Amino acid sequence: MCALPTPPAVWIRRRRRRRRDRLMMVACVLEILDLDEEVVVSRTIGSTNIRRTRKKVKDMWKELGCYARKAYRMNMDSLKKLHSLLLPALRDELDIKERSRGKTPNGNISTLLRLSAAIRFFAGGSASETR
């Protein structure tokens, strides 16, 4: 009978560290969802919108290329799985609905895009990179 070799201690430590990091990331996302609503200050009358185009998460991953795995600390499948697990909580917490006056000038921000920006920020990216 052939016995499988035991993995080196380094592999075990890495596996434990990755598991701990994933749990910390999920805990951070859940903490953000648990925060109370902030007071929204309206814009100045007569101000104009800055026109922006929303990028899709898939397009951002293509732009990042091989750096995407490092920037997010997870692959695209894991991001989609996490999104599907958190989707009901995201919808409830963000309370996404139609605007009362006018349309959203720059388009709606999808929950996947919001989660993607949060994860990239928690993975060590700066706030300017997540825009």
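Rings of Phe, Tyr and Trp (its six-membered ring) pair up if their centres lie within 6.5 Å; planes under 30 degrees apart make a pair stacked, over 60 edge-to-face, and the rest tilted. Searching the whole structure turns up 2 aromatic pairs. Bear in mind that this is a predicted model, where local features need pLDDT of at least 70, side-chain atom pairs count only at pLDDT 80 or more, and totals for chains, interfaces and linings use all residues. Residues are numbered from 1 along each chain as its sequence is written, and side-chain values use heavy atoms, with hydrogens and water left out.

**A stacked pair**
- The ring centres of Trp-61 and Tyr-72 are 4.8 Å apart and their planes sit at 20 degrees, so this pair is stacked.
- Trp-61 is in helix H2 (residues 57-64) and Tyr-72 in helix H3 (residues 68-72), so the pair ties together parts 11 residues apart in sequence; helices here are DSSP runs of H or I with at least four residues, numbered from the N terminus.
- Trp-61 is buried, with a relative accessible area of 13%, and Tyr-72 is buried too, at 1%.
- Buried means under 20% relative accessible area, exposed means over 50%, and partly exposed is in between (1.4 Å probe, protein chains only).

- Most residues other than glycine have a negative phi.
- Arg-73, though, has a positive phi, near 60 degrees.
- Arg-73 lies in the loop between H3 and helix H4 (76-94), and counts as partly exposed at 48% relative accessibility.

Key: Helix = DSSP H or I, 4+ residues; strand = E, 2+ residues; numbered from the N terminus.
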